[in-house]
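Biologist: I would like to learn how to read a set of computed structural features. Could we take them one at a time?

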Amino acid sequence: MVKKKQDLHYYESIGRRKESVARVRLHLVTGKKSSVQSLNKGDFLINDKPLSQYFSLKRDINRVLKPLILTNNNDRFIITIQTKGGGVNGQVDAISLGLSRALCMVDESYKSVLRSEELLTRDARVRERRMVGTGGKSRRQKQSPKR
C-alpha cells in the first residue's frame, strides 16, 4: 500500500472535487529542523493563510475540520494545504477528502470511522460540458419553429 520512507517528515495526499485540487500535508512535529519550524502543533495553513482567514464561514471550517474531530487528531499535526481551482465549496470538499486520505496513511484504524461518515468517497459529479448546437448551454435545446 504505502511505502515506508526513511526520515519521514510528513504524510501527503491529494483530494479532488469538481475543478478543485487540494494537496494536504500532515507534518510530524519533531526536534529536527524542517520547513514548518516556526509553526506549532495544531496550526492549519491553507495557501499560506490561517484556516479562519481563508474560509470565513463557520460551516466551511467545520466541514474542513470534521475528519480531524472524528479521529481526535485536532492538535497532533501541523497541517499545510495547497489548493487551487474551483470555488469555495469544491475546495472545502477537496480539502476534506485529502485530509481523510492522509489520516488513513497515519493509522489504518481511522478508515472505518471516516468511511462511515462518507469522508473517503470521491464525489465524481462535475460540470457537464457545453454541447455543440445547444446555444451555449449543456442541455438547452434550440427553439423549434412555430409554423
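Modeller: What follows goes from the overall fold to the sheet, the helices, a pocket and some single residues.

Modeller: This is a predicted model, in which local features need pLDDT of at least 70 and side-chain atom pairs count only at pLDDT 80 or more, while totals for chains, interfaces and linings use all residues. Residues are numbered from 1 along each chain as its sequence is written, and side-chain values use heavy atoms, with hydrogens and water left out.

Biologist: How many helices and strands does the protein have?

Modeller: Elements are DSSP runs numbered from the N terminus: helices are H or I with at least four residues, strands are E with at least two. Here there are 4 helices and 5 strands. Along the sequence they follow the pattern β-β-β-β-α-α-β-α-α.

Biologist: What share of the residues is buried?

Modeller: Buried means under 20% relative accessible area, exposed over 50%, and partly exposed in between, with a 1.4 Å probe and protein chains only. Of the 147 residues in the protein, 32% are buried.

Biologist: In what order do the strands form the sheet?

Modeller: Strands of a sheet pair through backbone hydrogen bonds, either parallel or antiparallel. Two strands count as paired if DSSP finds at least two bridges between them. In this model, 5 strands form an open sheet with mixed pairing, in the order β1-β2-β5-β3-β4. The edge strands, each pairing on one side only, are β1 and β4 (49-50).

Biologist: Which strands pair with β5, and in which sense?

Modeller: β5 covers residues 78-84 and pairs with β2 (residues 20-27) in the antiparallel sense over 7 bridges. In that pairing, R23 has Q82 as its bridge partner. With β3 (residues 44-46), β5 pairs in the parallel sense over 3 bridges, and I46 is the bridge partner of I81. Strand β5 is also mostly covered, with 5 of its 7 residues buried.

Biologist: How many bridges join β1 to β2?

Modeller: These two strands run antiparallel and are joined by 8 bridges. G15 has A22 in β2 as its bridge partner, and Y10 stands opposite H27 in β2. The hairpin of β1 and β2 has 2 residues between the strands, and K18 there takes a positive phi near 50 degrees.

Biologist: Which residues of β1 make up its covered face and which its uncovered face?

Modeller: In a regular strand the side chains alternate between the two faces of the sheet. For β1, the covered face holds Y11, S13, G15 and R17, and the uncovered face holds Y10, E12, I14 and R16.

Biologist: Turning to the helices, where does α2 bend?

Modeller: The bend at a residue is the angle between axes fitted to the seven residues ending there and the seven starting there. In α2 the bend is about 40 degrees at V64, and a proline, P67, follows within four residues. The expected span of a helix is 1.5 Å times one less than its number of residues. With 13 residues, α2 reaches 17 Å from its first C-alpha to its last, close to the 18 Å expected. Its buried residues are D60, I61, V64, P67 and L68.

Biologist: Why can α3 be called largely enclosed?

Modeller: Of its 19 residues, 14 are buried, so α3 is largely enclosed by the rest of the structure. The end C-alpha atoms of α3 are 27 Å apart, which agrees with the 27 Å that its 19 residues should span.

Biologist: Which residues lie nearest the centre of the second largest pocket?

Modeller: Rolling a probe the size of a water molecule over the atoms shows where empty space is left. On a 1 Å grid over the protein atoms alone, a pocket is an open set of points where a 1.4 Å probe fits, with protein on both sides within 12 Å along at least five of seven lines; lining residues have an atom within 4 Å of a point. The second largest pocket is lined by 13 residues, with D93, S96, E118, L119 and T121 nearest its centre. The elements giving two or more residues to this lining are β1 (10-17), α2 (58-70) and α3 (88-106). The largest share, 3 residues, comes from α3.

Biologist: Is N72 buried or exposed?

Modeller: N72 is exposed, with a relative accessible area of 67%. N72 sits in the loop between α2 and β5, and has a positive phi of about 55 degrees although it is not a glycine.
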